[in-house]
Amino acid sequence: MVKKLLKKGAEELQKRTRKPRPDNHVSMKLGEGWHRRNFLTEVIIPSMFSPREGKGVPGKLPELSGTQIGITWIGHASFLIQTPEHAVLIDPNWARWLKVIKRLKEPGLEIHDLPAIDLVLVSHAHFDHLDKKSLRAVASDQPIVVPENVGGLVHGLGFNRVHELKRWESMELGSLRITLTPAQHWGARVLHDRHRGFGGFLVEYAGRTVYHCGDSAWFEGFREIGEKGPIDIALLPIGAYDAPTGRDVHMNPEEALLAFQALRARIMIPMHYGTFRLGFEPMEEPPDRLMGHARSLGIDERIRILQEGETVVF
């Protein structure tokens, strides 16, 4: 009788203390047929013996004026966004390894080549987006913005203030406005913290907007994001779609173009490919598929594929 009461009490306590998952949280159920392939032997081990490529694109960061925005792709989902007044890092990651997954492309920009960083944005807690060592290296008493329930991971790294945003919440830094947008993904860093938030960012400056998607599968929420106002540049993920779990958690290139059209953005810059091999697809496949499909849609002139370290000014 006592054991039953204790068990019932423990179950009730667990229900009360369990934190709810965020909206648009993808299913954690493994996809059909996931066990038929071996990610360790087919991807991880061969990658360990593959040399790292690239040394970035040499070049000086631009001097900007007026309403110009400079965008530099560091690699994977990491970007430096510059205005004449600000320098913003999004999902900075200079890690050589993600646990056992090797970085196969060198960062396009080294940390010591960065300008003074005014603000750091982190889209979610996954190791390829939130790298504590990289964050500690770029922290210099400036603010950092993260989704709700992610702040605890970045306290003590050297930032003067941690802003936790719920979806559609905003913060301002001078003439910059940062808004957390929805995504179709999940934010757990380990198995038991599925309550952590996730999303993308709208970065607004002088009437111009850059959208960084973070990670997302395709969902109708892209239309809602596009309705919030004109997006000049959309940074959209195109890799890791052939996931080892068989789950639908990332967009393939065709879905990324569908998102681009739903957002009604002017220019698309692809990301989240070519750095860490996180899916079964070959490293070179995502951009090839992207441009092939973009040509069939007649929108290839609106796609800008960057090399690591390359900067474009809009």
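Aspartate 300 is found in the loop between α6 and β15 (311-313); helices (H or I, at least four residues) and strands (E, at least two) are DSSP runs numbered from the N terminus. The model is predicted, so local features need pLDDT of at least 70 and side-chain atom pairs count only at pLDDT 80 or more, while totals for chains, interfaces and linings use all residues. Residues are numbered from 1 along each chain as its sequence is written, and side-chain values use heavy atoms, with hydrogens and water left out.

At 27% relative accessibility, aspartate 300 counts as partly exposed; buried means under 20% relative accessible area, exposed over 50%, and partly exposed in between (1.4 Å probe, protein chains only). Not counting residues up to four places away in sequence, aspartate 300 touches Met291, Ala294 and Arg295, where contact means heavy atoms within 4.5 Å. Aspartate 300 and tryptophan 186 are 114 residues apart in sequence and, C-alpha to C-alpha, 31 Å apart in space.

**Sheet and helix**

Strands β12 (residues 208-212) and β13 (residues 233-237) run parallel and are joined by three bridges. Valine 210 stands opposite isoleucine 233 in β13.

**Cores**

The largest nonpolar core has 53 residues, of which Ile71, Tyr211 and Phe222 touch the most other members. Helix α5 gives the most to this core, with six residues. A second, separate core of 23 residues includes Leu61, Ile117, Val150 and Phe159. A nonpolar core is a set of buried Ala, Val, Leu, Ile, Met, Phe, Trp, Tyr and Cys residues joined through side-chain atoms within 4.5 Å. Phenylalanine 222 counts as buried, at 0% relative accessibility. Leaving aside neighbours within four places in sequence, the contacts of phenylalanine 222 include Tyr211, Met251, Ala259 and Leu263.

**Aromatic rings**

Rings of Phe, Tyr and Trp (its six-membered ring) pair if their centres lie within 6.5 Å; planes under 30 degrees apart count as stacked, over 60 as edge-to-face and the rest as tilted.

| Pair | Centre distance | Plane angle and class |
|---|---|---|
| Phenylalanine 39 and phenylalanine 280 | 5.2 Å | 80°, edge-to-face |
| Tryptophan 218 and phenylalanine 222 | 5.6 Å | 25°, stacked |

Phenylalanine 39 lies in helix α2 (residues 39-48) and phenylalanine 280 in the loop between β14 (267-271) and α6 (285-297), so that the pair links parts of the chain 241 residues apart. Both phenylalanine 39 and phenylalanine 280 are buried. Tryptophan 218 counts as partly exposed, at 22% relative accessibility. Ring pairs link Trp218, Phe219 and Phe222 into a cluster.

Charged groups also meet rings. Arginine 189 lies over the face of phenylalanine 127, at 3.9 Å from the ring centre. The charged end of lysine 228 sits over the ring of tryptophan 168, 4.6 Å from its centre. A charge sits over a ring if NZ of Lys or CZ of Arg is within 6 Å of the ring centre and within 35 degrees of the ring normal.

Note on methods
Two strands pair if DSSP finds at least two bridges between them.
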